[in-house]
Amino acid sequence: TVVVLDFGGQYNQLIARRVRECNVYCEIYSYKTDIEKIKEIQPKGIIFTGGPNSVYLEDSPAYTEEIYKLGIPILGICYGSQLMMHQLGGKVEKAPVREYGKIEVHVNTDSALFQGVSPKTICWMSHNDYISKEAPGFEISARTNDCPVAAVENKEKKLYAVQFHPEVLHTQEGTKMLSNFVYQVCGCAGDWKMDSFVEDSIKAVREKVGNGKVLCALSGGVDSSVAAVLLSKAVGSQLTCVFVDHGLLRKNEGDEVEAVFGPEGSYDLNFIRVNAQERFYEKLKGVEEPERKRKIIGEEFIRVFEEEAKKIGAVDFLVQGTIYPDVVESGVGGESTVIKSHHNVGGLPDYVDFKEIIEPLRNLFKDEVRKAGLELGIPEYLVFRQPFPGPGLGIRIIGEVTAEKVKMVQEADAIWREEIANAGWDKKVNQYFAALTNMRSVGVMGDERTYDYAIALRAVTTTDFMTAESAELPWEIIGKATSRIINEVKHVNRVLYDCTGKPPATIEME
Ligand code: XMP
C-alpha cells in the first residue's frame with residue numbers, strides 16, 4: 001500500500017488514480033490522521049499532496065515530523081514539498097514570480113525519480129510560494145527559469161519533493177515519475193489488481209464480521225449492489241438487505257432489483273422489499289421547492305429504513321455503499337460548496353441499532369467499483385447502469401410530485417432509453433433521461449385542442465459528472481422518441497430537448 005496524505009489540494013484523487021494505474025494499491029487519508037494509524041498500515045511509501053495554504057502561516061495543515069523518521073519513502077508534491085522543506089529546515093516564501101501552467105523543467109536524470117525522463121520536460125505548475133532554500137542534507141534535482149528548487153531529494157532518507165504536479169496529465173512524463181517513485185524508491189511490486197481487491201476485501205470483511213449480523217440498504221444502483229454482493233460472498237445469510245421502493249424509481253426497476261437480489265435471484269442473503277410508494281407521495285403532496293423535496297425524500301427514506309431495521313432488531317454492522325468521490329463531494333474530504341444535497345451520503349439513520357459501519361468501497365473510484373462488480377460476477381447491465389440520483393424521479397418532475405406524474409415520466413423515460421439503446425447510443429452518452437417539466441401548453445391532436453405537459457429529454461457526455469456537455473444526438477433518435485412519447489404517454493403534447501451544458505445548468509433539473 002501507498003498512503004496519500006491529503007492536505008486539501010484539488011488533484012488528490014488523481015494522485016491515487018495514477019498510483020493505482022501502476023498496479024499499486026493506494027489509499028487517501030486526511031492530514032488529520034493519527035500517525036499510529038499510518039504505522040499500522042505499514043505503507044511502502046507516502047505521498048504528501050498539494051494544498052491551498054502557505055506552509056509558513058500559523059494555522060496551515062501540517063503533520064507530525066515523526067513521519068520523516070519512520071524510514072518510509074515520502075514524496076511531497078507542491079504544498080507537500082514545501083511542507084517537507086519547511087519542517088526539515090529549508091526555507092519557503094512567497095515566490096517573486098508565480099508559476100502557473102505548463103513550464104519547462106530541467107531535471108537531473110541521475111535521480112531515481114527522473115530515471116528515463118527527458119532532461120528538459122514539460123510539467124504542470126501551480127504555486128504562489130516557492131522553496132527558496134532546500135533543507136540541509138537535500139540535493140536539488142530539478143529547476144526552472146523562475147524556480148531554483150523545482151525538485152529536491154535526500155536519497156539516503158528516501159525523501160523526495162517536487163514543486164510541480166506529476167499526477168496531472170499536462171505533466172508529460174508525470175506518470176513515469178510516479179511509477180519511478182513507487183517502483184524504484186518504494187520497491188512496490190506492482191501486482192495489485194481488482195481481483196486482489198475483491199479477494200482481500202472479502203477476507204477482511206469475514207474477519208471483521210465474524211458471526212455478526214449485517215444490514216445493508218440496497219438501492220439497486222451500482223455502488224450498493226456491489227457492496228451487497230461483496231458482503232454476501234463474505235458472510236452469506238448473515239446479511240440482510242433492505243430495498244426501499246419509494247415509488248420514484250424508473251419503470252419496472254423495483255421488480256428488476258427484486259429479480260436479482262430477491263429469493264429467486266442468485267445471491268445468498270436475506271432480501272426485504274418495502275413498498276413505501278404511498279408514504280412518499282403523501283409526504284411530497286404540495287411540495288414544489290427542489291431542496292425541500294430532496295430533504296423530504298432523504299428523510300423519509302431513512303425513516304422507512306429505520307422502521308424495517310427495528311423489526312430485524314439489533315445488528316452488528318451497517319453497510320454503506322459510499323465510494324471515494326462521495327467522501328469528497330459531501331464535504332468530508334473537501335471544502336466545496338453544496339450545490340445540491342445528495343441524499344445517499346451523510347444521512348445516517350439515528351435509530352438503527354448497530355455497532356459499526358462497513359464501507360467496503362470507500363476507497364474506490366467509480367470505474368474501479370465497476371471492475372470489482374464484474375469480478376464479483378454481477379450482471380453487466382447492472383454494473384454499467386447509468387447514474388441514478390437517490391431522490392429518483394422526485395427531482396425529475398419539476399414542481400409537485402404526484403403518482404400520475406411519476407407514471408408519465410416513467411413511461412417517457414423508458415421510451416427514451418429504449419430508442420437511445422436501439423440506435424446504439426447508450427454507450428456513447430454517459431447519462432440520459434426524461435424529465436417532466438411543470439409547463440403545460442396548447443397543442444392539437446386529432447382536430448382537438450389539447451392543453452398538456454411537456455417532457456424534456458436530456459442526454460449528456462461527461463467524464464466526471466462535474467462538468468458535462470449536451471450530447472449532439474442524431475435528429476432521427478430525438479424525432480422517433482418524440483413521436484412515440486406523444487403517442488404512447490397520456491397528457492404529454494410536447495417534447496423538448498435540453499441543449500444546456502453543465503455549467504451553467506446541472507445534469508438533473510432539480
Ligand atoms: P447534477 O444534477 O448535480 O448531477 O449535475 C451530477 C450527477 O449526480 C447525480 N445526482 C445524484 N446522485 N444522489 C445521487 O446519488 C443525489 O441526490 C443526486 N443528485 C444528482 C446526477 O444524476 C448526475 O449523475
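The legends below describe close-up views of a predicted model.

**View 1. The three domains of the chain.** The chain is divided into domain 1 (2-185), domain 2 (194-383) and domain 3 (402-497). Between the C-alpha centres of domain 1 and domain 3 there is a separation of 49 Å.

**View 2. The residues annotated as active site.** In an unreviewed UniProt entry, the annotation "active site" covers Cys78, His165 and Glu167. They span 90 residues in sequence, yet no two of their C-alpha atoms are more than 11.0 Å apart, so they gather at one spot. Cys78 is placed in the loop between strand 4 (74-77) and helix 3 (79-87), whereas Glu167 belongs to the loop between strand 9 (159-162) and helix 4 (174-185). Cys78 has 26 other C-beta atoms within 10 Å and is therefore buried, and Glu167, with 27 C-beta neighbours inside 10 Å, counts as buried too. Leaving aside residues up to four places away in sequence, Cys78 touches Gly9, Gly50, His127, Gln163 and His165, while Glu167, with sequence neighbours left out in the same way, touches Tyr11, Leu14, Ile15, Arg18, Gly174 and Leu178.

**View 3. The surroundings of Gln163.** Gln163 sits in the loop between strand 9 and helix 4, and this residue is buried because 32 other C-beta atoms lie within 10 Å. Not counting residues up to four places away in sequence, the residues that Gln163 touches include Cys78, Ser81, Met125, His127 and Tyr130, and among the others are Ile131, Cys147, Val149, Ala150 and Ala151. Although Gln163 and Ala142 are 21 residues apart along the chain, their C-alpha atoms are separated by 9.3 Å.

**View 4. The annotated binding site around Gly221 and Val222.** UniProt, in an unreviewed entry, places the feature "binding site" at Ser219, Gly220, Gly221, Val222, Asp223, Ser224 and Ser225. Gly221 is found in the loop between strand 10 (214-217) and helix 6 (222-235), whereas Val222 lies in helix 6. Gly221 is partly exposed, with 18 other C-beta atoms within 10 Å, but Val222 is buried, with 24 such atoms within 10 Å.

View 5. Strand 13 (residues 317-319) pairs with strand 14 in the parallel sense over three bridges, and Phe317 has Glu356, in strand 14, as its bridge partner.

**View 6. Helix 13 and what covers it.** Helix 13 (residues 403-422) has 20 residues and reaches 29 Å from its first C-alpha to its last, which is close to the 28 Å expected at 1.5 Å a residue. The buried residues of the helix are Lys405, Val406, Met408, Val409, Gln410, Ala412, Asp413, Ile415, Trp416, Glu419 and Ile420. Their cover includes strand 15 (431-445), strand 16 (448-461), helix 14 (475-488) and strand 18 (492-497). After helix 13 comes Gly424, whose phi is positive, near 75 degrees.

Conventions. Residues numbered from 1 in each chain as written. Predicted model: local features only at pLDDT ≥ 70, side-chain atom pairs only at ≥ 80, totals over all residues. Helix = DSSP H or I, 4+ residues; strand = E, 2+ residues; numbered from the N terminus. Expected span 1.5 Å × (residues − 1). Buried ≥ 20, exposed ≤ 12 C-beta atoms within 10 Å, placed from the backbone. Contact = placed C-beta atoms within 7 Å. Pairing = 2+ DSSP bridges. UniProt positions renumbered as here; feature names shortened; annotations may be inferred. Domains from an automatic or database assignment.
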